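Dear colleague,

I am passing on the structure we spoke about, and my notes on it follow below. Please read them with the model open beside you.

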Amino acid sequence: MPALVCVARIGAAHGVRGAVKLWTFTEDPFAIRRYAPLLSKDGKRQFEVATAREAKDHLVATFKGVTTRDEAERLNGIELYVAREQLPATDADEYYHTDLIGLAAVTTDGEALGRVLAIHNFGAGDIIEIAPPKGTSLLLPFSNAVVPEVDIAGGRVVIALPEEIAGDDVSPGRPGEGRDP
């Protein structure tokens, strides 16, 4: 099976004629109509968008073959995927999250930090999550200052750890260092 990329998630039924709320993860929400077939994660089910219109923070869509509220309700929560090859090429300094997940994360000195676990956006910009071999995940801004190099072909991202994260081994209480008194 080709590499699949999640492009949308089906939400609750909307109305009585088979429409659903549809959250898209594409730059242009209506681009979802250009991808067919849309596949379930296991690739066993296929979907094709019949209609789509904009709502507050999602689309209201219908799928071919889904005509009742009961049918629409059974789709709630299904994530929709397309083959990676169907997606348009990215510009320089643009990446699909799926291409970054799993890459090795190293410091600017070449020290291993772990692997890229996810890219999040909670509303204030992208955050890169790095899973170290042991311990708690690191959540860092996904910016050029913190991630100066992305080498997909080489299988790594270079991380310039901010001072707050890299941390100096400073004893509290020394004048001018550590915590404020």
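Before the first residue, one cut-off is needed: a residue is called buried when its relative accessible area is under 20%, exposed when that area is over 50%, and partly exposed in between. Please also keep in mind throughout that this is a predicted model.

With that cut-off in hand, Gly-43 counts as partly exposed, because its relative accessibility is 24%. Gly-43 is found in the loop between β3 (38–39) and β4 (46–47), and although Gly-43 and Leu-80 are 37 residues apart along the chain, their C-alpha atoms are separated by 9.4 Å.

The largest nonpolar core has 25 residues, and Leu-80 is listed with Ile-10, Leu-22, Ile-32, Leu-38 and Phe-63 as having the most contacts inside it. At least two residues of this core come from each of the strands β1 (4–14), β2 (19–24), β5 (49–54), β6 (59–63) and β7 (79–83), and the largest share, 5 residues, is supplied by β1. As background, nonpolar side chains in soluble globular proteins tend to be buried together.

Which residues does Phe-63 touch, if those up to four places away in sequence are not counted? They are Ile-10, Val-20, Leu-22, Leu-38, Phe-47, Glu-48, Val-49, Ala-50, Leu-75 and Leu-80.

Turning to charged pairs, a search of the whole structure finds 4 salt bridges, and I describe some of them here. Lys-64 is classed as exposed because its relative accessible area is 53%, whereas Glu-48, with a relative accessible area of 35%, is partly exposed.

A salt bridge also joins the side chains of Arg-69 and Glu-73, at 3.1 Å from N to O. Both of these residues lie in helix α1, where they are 4 residues apart, about one turn of the helix. Arg-69 is partly exposed at a relative accessible area of 33%, and Glu-73 also counts as partly exposed, at 40% relative accessibility.

Glu-149 and Arg-156 form a further salt bridge, their closest N and O atoms being 3.3 Å apart. Glu-149 counts as partly exposed at 34% relative accessibility, as does Arg-156 at 29%.

Finally, there is the matter of open space. How much space lies in the largest pocket? The volume is about 1,100 Å³, and the pocket is lined by 33 residues, of which Phe-25, Glu-27, Tyr-95, Tyr-96 and His-97 lie nearest its centre. The elements that give two or more residues to this lining are β1, α2 (97–100) and β12 (149–151), so numbered from the N terminus. By residue type, the lining divides into 18 nonpolar, 7 polar and 8 charged residues.

With best wishes

Note on methods
Residues numbered from 1 in each chain as written. Predicted model: local features only at pLDDT ≥ 70, side-chain atom pairs only at ≥ 80, totals over all residues. Heavy atoms only, no water. 1 Å grid on protein atoms, 1.4 Å probe; cavity = no way out; pocket = protein on both sides within 12 Å on 5 of 7 lines; lining within 4 Å. Points joined across faces, edges and corners; volume = space filled by probe spheres on them. Nonpolar A, V, L, I, M, F, W, Y, C, P; charged D, E, K, R; others polar. Core = buried A, V, L, I, M, F, W, Y, C linked by side-chain atoms within 4.5 Å. Buried < 20%, exposed > 50% of the residue type's maximum accessible area, 1.4 Å probe, protein only. Contact = heavy atoms within 4.5 Å.
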